[in-house]
Amino acid sequence: MDNGAQTFVGIDIGTSFVKLIAMQTTNNNINVVGVGIAQSTGMNKGMVVDINQTVEDIKAAQKDLNKKSQILIDQVVVGIPTNYLSIKNLKGSIELGKDPREVNERDLKELVSSILNEHQSVENDFVGIAVEEFIVDNFDGISDPLGMMGTTLSIHCLAYAIPKTIFRNIIKAVERSGFKVRNIVLNPIAAAEVSLSSAQKEMGSILIDAGSGKTSYSIFQNNLLQMSGTIFEGGKNITSDISKVLKISEKDAESVKIDYGSLKTGQIQDSESFVIQSLDQANEVKVGDKYLSEIIHARFEQIFTKIKNKLNSTNAFDLPGGIIITGGNSALPGTEEEAGNILGRPVNIYIPNQIGLRSQIYTVAFGMIVHTWHLSRVQMILESTLKVNKFEKFQPEMQEEQTLNDENTDLNFGTESGVKSKPQKKEKKSGFFSSLRRWIYNLFE
Ligand SMILES: Nc1ncnc2c1ncn2[C@@H]1O[C@H](COP(=O)(O)OP(=O)(O)OP(=O)(O)O)[C@@H](O)[C@H]1O
Ligand SMILES: [Mg+2]
């Protein structure tokens, strides 16, 4: 099956780094065509705290990507952190008519839009939706009802929402950087796409994203993100601890952590040491590797003990898929053993294996691209009801029915929204859309 080449660009705006990845698909393969990374200075704990700074950081990541690849970026897939995530279990139905008729895309969209409208809140925006099952008349357990005959269509789904302030500032920062948002993906869903096997997602497992300003833990089961929580501590706190205890700058502390840091305290000889400059540059100070390791371990233990306590109140530790850890902070040597000791269960570390992405810091950006590439037609239709997603433009049936949900198709959080987006050449756009459309239909042939 030839799907034709498509390019996806994913952006992960973290506390330490903005990661921008461009990948191209051909047939069933996906390859990196560009990677850009920049220091993130406008984010803290999963929130934009300085939008101008975040815009500059995104542009710096784009500049970095363009040094290595001349790819023209227009639309991006945006990762959404799950701080303060609320998950709603929603149900709804629509009548198709007195006589059975075929379920079409418009029905799905109408069904989901009506449920989301009914449950929308003042504080939160819906940022994701996942189907548990469709029910056509009395037949349940249906994953794709399109084309089925019936008189009633019902859905059981999980709808994910986060505070509007968090969500809209991320989107605004991306748009002000000159990109259009193609679609959004929750960070744990992105990470799970590449780090968990289908069986782990189905049977149940715990995924930990050990980042810089936060460490998030998520539970997957029945192929759904069932729960996600956040500890607002991570690699940045470890760096800060080193800086304070050794009385060196944060910059030097970060270098010391990367060069000499480890969690394998018991395996380090007392004689092992390195030399650093004191903050006033006046003296050289000898630091034992073991001492450094103890500083790192204290914070690491605190983070993972908090996770253990949070997860102890769930059945997550009994899930057969086990525990997988990713994110930059899991690059500390000894993470697997120490996290395993603290959590009392074996853990595995996930590192992307793609050329150019072989670091845990890229897991989320890589995963959001693969997730978008793998989206089913039904999932695309459902997610097109979320305000920022642009999938409806890829669906010929929905294009003909533009009046259905026109008020939902454009995001306009303010005057600057989308202003700086690059104009697209018309014929190029239609070529891209038609090849995507071809790809979507090929998938279901
Ligand atoms: N080799 C390494 N050894 C130790 N720590 C590392 C290593 N590489 C990266 N880190 C740490 O990982 C963190 C960055 O990871 P990551 O990119 O996953 O975080 P982020 O996405 O920017 O932040 P967050 O997800 O918390 O908002 C930094 O604290 C950095 O010091
Ligand atoms: Mg992150």
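The hairpin of strand 17 and strand 18 has six residues between its strands, and Gln281 in this hairpin takes a positive phi near 65°. Strand 17 covers residues 273–277 and strand 18 covers residues 284–288; five bridges join them, and they run antiparallel. Val275 has Lys286 of strand 18 as its bridge partner. Strands count as paired if DSSP finds at least two bridges between them. The elements themselves are DSSP runs, numbered from the N terminus: helices are H or I runs of at least four residues, and strands are E runs of at least two.

The structure is a predicted model, in which local features need pLDDT of at least 70, side-chain atom pairs count only at pLDDT 80 or more, and totals for chains, interfaces and linings use all residues. Residues are numbered from 1 along each chain as its sequence is written, while chains are lettered from A and ligands numbered from 1 in the order in which they are written.

The chain holds 13 helices and 20 strands. Of its 445 residues, 43% are buried. A residue is buried if 20 or more other C-beta atoms lie within 10 Å of its own, exposed if 12 or fewer, and partly exposed in between, with C-beta atoms placed from the backbone. Among contacts with a separation of 6 or more, 70% link residues 24 or more positions apart. Contact here requires C-beta atoms, placed from the backbone, within 7 Å.

Two other residues with positive phi lie in loops. Lys45 is not a glycine, yet has a positive phi of about 50°. Lys45 sits in the loop between strand 4 (43–44) and strand 5 (47–48). Lys45 is partly exposed, because 18 other C-beta atoms lie within 10 Å. Asn223, also not a glycine, has a positive phi of about 65°. The loop between strand 15 (215–221) and strand 16 (224–231) contains Asn223. Asn223 has 15 C-beta neighbours inside 10 Å and so counts as partly exposed.

Ligand 1 is surrounded by 24 residues, and the closest are Gly14, Thr15, Gly211, Gly235 and Gly328. A residue is near the ligand if its C-beta atom, placed from the backbone, lies within 6 Å of it. The shell divides into five nonpolar, 15 polar and four charged residues. Nonpolar means Ala, Val, Leu, Ile, Met, Phe, Trp, Tyr, Cys and Pro; charged means Asp, Glu, Lys and Arg; the others, Gly among them, are polar. Helix 6 (235–246) and helix 7 (250–260) each supply at least two shell residues. Domain 1 (6–82 + 165–192 + 359–443) and domain 3 (200–349) each contribute at least three. These domain bounds come from an automatic or database domain assignment.

Helix 8 (residues 289–312) has 24 residues and reaches 33 Å from first to last C-alpha, close to the 34 Å expected at 1.5 Å a residue. The expected span is 1.5 Å times one less than the number of residues. Buried residues in helix 8 include Leu292, Phe300 and Leu311.

Pro346 lies in the loop between helix 9 (335–343) and strand 20 (347–349). Pro346 is exposed, because 11 other C-beta atoms lie within 10 Å. Leaving aside residues up to four places away in sequence, Pro346 touches Gly322 and Gly340.

Notes:
Two residues are in contact if their C-beta atoms, placed from the backbone, lie within 7 Å.
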